[in-house]
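Please find below some remarks on the structure, arranged as numbered points for a colleague working with the coordinates.

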Amino acid sequence: MCGIIGAIAQRNVVPILIEGLKALEYRGYDSAGIAIIEKGEVRRVRAKGKLVALEEELAKGSCESPMGIGHTRWATHGVPSVNNAHPHACGDFVLVHNGIIENHQLLKRDQSQHHFESETDSEVIVHLLNDLSGQCDGDLFDLVQKGIQKLQGSYALAVMRTTESDSVVVARHGSPLVIGLGVGENFIASDVLALLPVTSRFIYLEDGDVARISTHSIEIVNAEGQKVDREVKESTLEVGCTTRGEYRHFMLKEIFEQPVVIGEALEGRLSNIKVLDPMLLGASGTKIIELTKRVQIVACGTSYHAGLTAKYWFEQWARIPCEVDIASELRYRKPVVSDGTLLVVISQSGETADTLAVLNEAKSMGYVHSMAICNVPESSMVRGADVSLLTRAGPEVGVASTKAFTTQLVVLAMLAVSLGRRFELTSDFEENVVNQLKQLPSAVSQVLALDGRISILAQTLVHKHHALFLGRGPGYPVAMEAALKLKEISYIHAEAYAAGELKHGPLALVDEDMPVIAVMPDDDLLDKVQSNLSEVRARGGRLLVLTDHDHLEEDEYTTVLNIGTVPKLMRPVVFSVALQLLAYHVAVLRGTDVDRPRNLAKSVTVE
Ligand code: M6R
């Protein structure tokens, strides 16, 4: 939700800001802007729409400076417009902000002398700094430390002042912020990806930190105002890890990366017969699962669907009691936490506000231990959890989560086994799961080979307004994930139902214009799903059935997509890949912006 960037150097930083904003565009893309200080004055260039609109604005004249800040926005307060685009300015100050200032209305009441040019919550911060500068002494660093005392909510912000052209000041509370270290130049951004072209050395700020960034120095104080040194970390990510290569969209590239990244997620974590706990969980994780009596999974969106799938594994494979909740619900529902409950948060980004809030409140809610399953090693969740399991999918740029989801499933399957051994999971079963996990990369490649067929099937959905997805057992969360994927990128209204629920209401929707997509693995529930599908056929409904059953006949109502021989316990992974491709091709045929669907952002760092 919004990306911020800043740079201070001995060269023109505007191209660095723009390249960085391109890498941050996944965080929001309804407007963008940059600010520089030129001849002692703030100069802002802002544009509504995607970054390309800002580039067009910049191309109209020259814009160069050794110091600047930039922002790409995902609107929360106020429509996408130039006035609402950051940076916001007042007097000597200019600022970019990611997060939400919850008490902005209260603060605004004290700022009646100011003209507000935007409807954003962020603008109050810049007026606040301007007011403080008239009330007390101190430089920008001091003023930001004072100013943030008055803010409630979450923020990562970067501020410049025309009278102090030797530093940018940043602050972080609840929204991610990194400092990139260069030689005679330094940078800040919401995400390391934005700074990879200029550095691989980073400092991850902690909540409450305020930092002064100059060309040759970094000064950091913590929430108590004490000077602190934060560790410098070397990133292993490479420049270009977020380019599309030969693919038309990031989403397609990321779908096709799945055989490789699933292999990465498994790498070193399995023997021939076992999940290797020390490699998967580390020493502290191994100790924690010894104490675990039940599991509470918390997540949002696609990650929530990974959790729902894993619930079947925890319960069916090992009889581990497992609950799964949407983070924004669990957060406010005061759950009764039984003794020995392990809180497992799942998140691609590790920054999703609701999930992070649950993690941060875990101890006070009564969870003794917490675990993060996450794709971003330096994320807030990885740093906040007692133990973390990395999914190793590599940067995921497409807003629609694909490889992050399937690698979450892979890690959850391994966790179910490690934990399950302490419950009722036998060593034979463990060996079976291990074998099937190892078959996954090739099983996924086999599904990817169906891409051509799936793109043809997509044509039958392209003019539809609605779609119904059905599944039972672990096929149900797979259907939920498929419906989310389709609606998110094609804008076709899609819903998922447990197939057994069809006759309790949704059957009323079925006619020839309501395509029904069934997830029908060749498992114990196959006959049950078959009967549910007969109910659809009897109402003239059109079915697309995904199955690994070899002898399923097509008829005038039914199209079958056979996805081949599949490692049975890992069906949710393989079926999901086929459904990702289906959603992708429908969206492409409908001409939507697949990687940056309207109204969404990749990283949801606001509540
Ligand atoms: O980063 P997270 O996994 O915590 O994100 C959660 C959701 O915002 C995310 O999965 C979202 O639903 C995706 N856009 C779905 O494709």
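**Notes on the predicted model**

1. The model under discussion is a predicted one.

2. Strand β19 (residues 369-374) is joined to β20 by four bridges, and the two run parallel. Within this pair, Met371 has Val387 of β20 as its bridge partner.

3. A separate point concerns the open sheet of seven strands, ordered β5-β6-β7-β8-β12-β13-β14, in which the pairing is antiparallel. Its edge strands, β5 (88-90) and β14 (227-228), each pair on one side only. Nine bridges connect strand β6 (residues 93-101) with strand β7 (residues 153-161) in the antiparallel sense, and Val96 has Ala158 of β7 as its bridge partner. Helix α4 (residues 123-135) packs on this sheet, where it touches β5, β6 and β7, and its direction makes about 130° with that of β6. Helix α5 (residues 140-148) also packs on the sheet, touching β6, β7, β8 (168-173), β12 (210-213) and β13 (218-221); the angle between its direction and that of β7 is about 160°.

4. Strands β2 (residues 31-38) and β3 (residues 41-48) run antiparallel and are joined by eight bridges. They form a hairpin with two residues between them, and Lys39 in the turn has a positive phi of about 50°. Ile36 has Arg43 of β3 as its bridge partner. Thr162, from the loop between β7 and β8, touches Ile37, Gly40, Glu41, Val42 and Asp92, leaving aside residues up to four places away in sequence. Thr162 counts as buried because its relative accessibility is 13%, under the 20% limit.

5. Is helix α1 (residues 14-24) largely enclosed or largely open? Eight of its 11 residues are buried, so the helix is largely enclosed by the rest of the structure. The buried residues are Val14, Ile16, Leu17, Ile18, Gly20, Leu21, Ala23 and Leu24. They pack against β1 (3-8), β2, α2 (51-58), β4 (67-73) and β10 (186-189).

6. The largest nonpolar core comprises 94 residues, and those with the most contacts inside it are Phe314, Trp317, Leu437 and Phe469. Helix α19 (residues 571-590) gives the most to this core, contributing 13 residues. A second, separate core has 31 residues, among them Ile5, Ala47, Leu51 and Val178. As for Phe314, its contacts beyond neighbours within four places in sequence are Ile297, Arg319, Ile320, Cys322, Leu412, Leu415, Ala416 and Leu419.

7. Most residues other than glycine have a negative phi, and most peptide bonds are trans. Arg319, although not a glycine, has a positive phi of about 60°; it lies in the loop between α9 (301-318) and β17. With a relative accessibility of 52%, Arg319 counts as exposed. Tyr491 is likewise not a glycine and has a positive phi of about 65°; its place is in the loop between α17 (475-490) and β22 (493-498). Tyr491 has 25% relative accessibility and therefore counts as partly exposed. His86 and Pro87 are joined by a cis peptide bond, with omega of about -5°, and Pro87 is found in the loop between β4 and β5.

8. How many cavities of 30 Å³ or more does a search of the whole structure find? The search finds three.

Methods
Residues numbered from 1 in each chain as written. Predicted model: local features only at pLDDT ≥ 70, side-chain atom pairs only at ≥ 80, totals over all residues. Heavy atoms only, no water. Core = buried A, V, L, I, M, F, W, Y, C linked by side-chain atoms within 4.5 Å. Buried < 20%, exposed > 50% of the residue type's maximum accessible area, 1.4 Å probe, protein only. Contact = heavy atoms within 4.5 Å. Pairing = 2+ DSSP bridges. Axes fitted to C-alpha atoms, helices over the stretch in contact; angles between N-to-C directions. 1 Å grid on protein atoms, 1.4 Å probe; cavity = no way out; pocket = protein on both sides within 12 Å on 5 of 7 lines; lining within 4 Å. Points joined across faces, edges and corners; volume = space filled by probe spheres on them.
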